[in-house]
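I opened this entry to keep track of what I looked up. The notes follow the order in which I checked things.

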Amino acid sequence: MGREARDGGRRARGREAEALAAEWLEAHGYRVLARNHALRLGEVDLVCERERVLCFVEVRSRTGEAHGGPEETVDRRKARRVVLAATDWLERNGRGERDVRFDVVAVTFGEGAPRVVHFPAAFDADGAPGVF
């Protein structure tokens, strides 16, 4: 399989994971405000709101867990890129004085239905890990 085919498959799986994450969050009382807010230095996959808390969500996926869970792929560098995009989103959308949280949703594909796990407060505004 060529690199383009692998990358295309990876992008399609990523889009599917983001859709599953949004569906899961909505089923659990979150309202999705935005998807894929990107700038040159970073991106946030989902911007959600629940009980007046704004949640900036990084969605990670893997096929199987032989190399660890998808959530383990969020390092401090990736977290800081999410924080940069979240800061930009807040500046552009002026959501006022709100509590802000950085979450991770891990989607694992394998046999059967994909498994979705939500990690609230997975990292802080400095990119330091929270719940992992």
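I looked up Glu58 and found it buried, at 2% relative accessibility (buried is under 20% relative accessible area, exposed over 50%, partly exposed in between, with a 1.4 Å probe and protein chains only). Its salt-bridge partner is Arg60, with the closest N and O atoms 3.1 Å apart; I took a salt bridge as a side-chain nitrogen of Lys or Arg within 4 Å of a carboxyl oxygen of Asp or Glu. Arg60 is partly exposed, with a relative accessible area of 23%.

I noted the ground rules: this is a predicted model, where local features need pLDDT of at least 70, side-chain atom pairs count only at pLDDT 80 or more, and totals for chains, interfaces and linings use all residues. Residues are numbered from 1 along each chain as its sequence is written, and side-chain values use heavy atoms, with hydrogens and water left out.

Other salt bridges came next. I counted six by this rule. Asp103 pairs with Arg101 at 2.8 Å between the closest N and O atoms. Asp103 is buried at 0% relative accessibility, while Arg101 is partly exposed at 22%. Shared partners also join Arg31, Glu49 and Arg98 into one network of salt bridges.

Arg92 and Asp88 form a salt bridge too, their closest N and O atoms 2.7 Å apart. The two are four residues apart in helix 2 (residues 76-93), so about one helical turn separates them. Arg92 is exposed, with a relative accessible area of 62%, and Asp88 is buried, with 13%.

How many disulfides does a search of the whole structure find? I got zero, a disulfide being a pair of cysteine sulfur atoms within 2.5 Å. The sulfur of Cys48 is 6.5 Å from that of Cys55, its closest cysteine sulfur, which is too far for a bond. Cys48 is buried, at 0%, and Cys55 is buried, at 1%.

For the overall layout, I listed two helices and five strands, taken as DSSP runs numbered from the N terminus (helices H or I, at least four residues; strands E, at least two). From the N terminus on, the order is α-β-β-β-α-β-β. The C-alpha trace spans about 50 × 30 × 25 Å along its principal axes. Of the 132 residues, 40% count as buried.

Last, I checked Leu39, which is found in strand 1 (residues 31-39). Leu39 is partly exposed, at 31% relative accessibility.
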